[in-house]
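Reader: I am new to reading protein models. Can you take me through pockets and charged pairs, one step at a time?

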Amino acid sequence: MTNGPAPKGPAPNAPGPDAPLADGPAPRRLASDGPVPSGQVGPVPSGSNSPVQRGPVPSGSNGPVPRGPVPNAPGPMGPVPNAPGPRPHGPVVNGILSLRQINKVFGMGELALHVLKDISLDVHQGEFVSIMGPSGSGKSTLMNIIGTLDTATSGGYFVEGKPVHQLSERQIAKLRNESIGFVFQHFFLLARSTAVANVELPLIYAGMGRAQRRTIAQKSLDRVGLSAKYRSMPTQLSGGEKQRVAIARAISTNPRFILADEPTGALDTATSEQIMEVFKSLNAEGATIVMITHEQEIAEHANRIIRLRDGRIESDEVIRR
């Protein structure tokens with residue numbers, strides 16, 4: 001065996017440039033072997049803390065990819081400018097009361113009557129809203145849904161963000177008594193009870209003590225101008241006074257909003273104007289009012305008019321004064 005230099009040229013049985021490496025560890029390179037040639041990766045001697053020297057990989061080579069940042073590569077991903085935020089869970093509601101895509105269908109099959117069609121609206125704190133439309137427009141059905149006296153066939157109804165359509169009957173009854181003050185066209189006063197006793201009625205349902213509810217009932221009658229009628233029976237009151245008692249009853253529980261169904265429908269013109277002044281005064285104090293009417297003159301007392309036709313919202317107009 002000779003110790004002379006090895007002949008140049010490919011070694012016999014040596015793999016070609018693209019041949020796979022044989023199994024087993026790479027031969028260990030000693031520090032005395034000199035520097036690693038350009039383009040070749042050399043192993044780090046055992047126990048050395050020196051970094052591995054890596055040179056450029058020739059074009060078309062299957063060698064290792066150089067480590068380190070790639071030129072012109074984007075940095076860590078951050079928020080995309082002007083990208084939308086996460087989608088809210090469920091419908092967005094914005095008011096004291098909100099309706100979303102409300103539909104009401106009576107009957108089934110060929111006899112089905114589609115009374116309300118995709119009604120969506122919000123009523124905000126302190127608004128005085130009139131909902132009006134001709135006979136058959138769906139306004140009474142809409143009032144019943146807003147008042148929780150009926151349920152929609154589909155869609156969502158929310159009072160202060162609470163999904164009324166998902167509540168139990170007991171929960172709806174509690175919400176109705178605490179959050180909604182009703183004023184009806186025909187007053188619905190108890191004939192054998194005094195004015196103050198009629199106003200106390202929702203407070204009894206709320207479980208309030210007698211002395212406290214009597215004080216609140218009297219203050220409510222004071223607000224509608226009936227301080228002298230505490231002990232009067234309904235038969236001793238005029239139509240306008242009966243409606244004032246009904247309004248006092250509606251506000252006695254400090255509801256989130258007042259729902260008035262044709263509140264002047266049984267009154268003459270002069271008395272109707274007086275009742276509307278009462279509503280406007282309550283609204284000026286911060287009360288939220290939703291009024292159903294078919295009279296343009298009455299609707300114009302509100303600061304917003306929503307018109308229905310054939311079960312749809314035809315217009316939604318804010319009144320500038």
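Author: Start with a pocket. This is a predicted model, and its second largest pocket has a volume of about 340 Å³.

Reader: Which residues lie nearest the centre of the second largest pocket?

Author: Asn177, Phe182, Pro202, Tyr205 and Arg249 do.

Reader: Which element gives the most to the lining?

Author: H3, with four residues.

Reader: Let me pick Arg249. Where is Arg249 found?

Author: Arg249 sits in helix H5, which covers residues 239-251.

Reader: What should I look for around a charged side chain?

Author: Look for a partner. Side chains of opposite charge can pair when their charged atoms come close. Arg249 has no salt bridge, although it is buried. Asp261 is the nearest side chain of opposite charge, and it is 11 Å away.

Reader: Which backbone oxygen lies 2.8 Å from a polar atom of the Arg249 side chain?

Author: That of Phe188. Beyond its neighbours within four places in sequence, Arg249 also touches other residues, among them Phe187, Leu189, Asn198 and Pro202.

Reader: Are Asp122 and Arg100 buried or exposed?

Author: The cut-off for buried is under 20% relative accessible area. Asp122 is at 15%, so it counts as buried. Arg100 is at 17%, so it is buried too.

Reader: Show me a pair from loops.

Author: Glu160 is in the loop between strands S4 and S5, while Arg256 is in the loop between H5 and strand S7. The two are 96 residues apart. Glu160 is partly exposed at 45%, and Arg256 is partly exposed at 31%.

Reader: Which residues are linked in a network of salt bridges?

Author: Glu127, Arg304 and Asp316. Within it, Arg304 and Asp316 meet at 2.8 Å, N to O. Arg304 lies in strand S9 and Asp316 in strand S10, so the pair ties together parts twelve residues apart in sequence. Arg304 is buried at 8%, whereas Asp316 is partly exposed at 40%.

Key. Residues are numbered from 1 along each chain as its sequence is written. This is a predicted model: local features need pLDDT of at least 70, side-chain atom pairs count only at pLDDT 80 or more; totals for chains, interfaces and linings use all residues. Side-chain values use heavy atoms; hydrogens and water are left out. Buried means under 20% relative accessible area, exposed over 50%, partly exposed in between (1.4 Å probe, protein chains only). Lys and Arg count as positive and Asp and Glu as negative; His and the chain ends are not counted. A salt bridge is a side-chain nitrogen of Lys or Arg within 4 Å of a carboxyl oxygen of Asp or Glu. A polar contact is a pair of N or O atoms within 3.5 Å; within protein, one must be able to donate a hydrogen and the other to accept it, and residues adjacent in sequence count only if both atoms are side-chain atoms. Contact means heavy atoms within 4.5 Å. On a 1 Å grid over the protein atoms alone, a cavity is a set of points where a 1.4 Å probe fits but cannot get out, and a pocket is an open set with protein on both sides within 12 Å along at least five of seven lines; lining residues have an atom within 4 Å of a point. Grid points are joined across faces, edges and corners, and a volume is the space filled by probe spheres set on the points.
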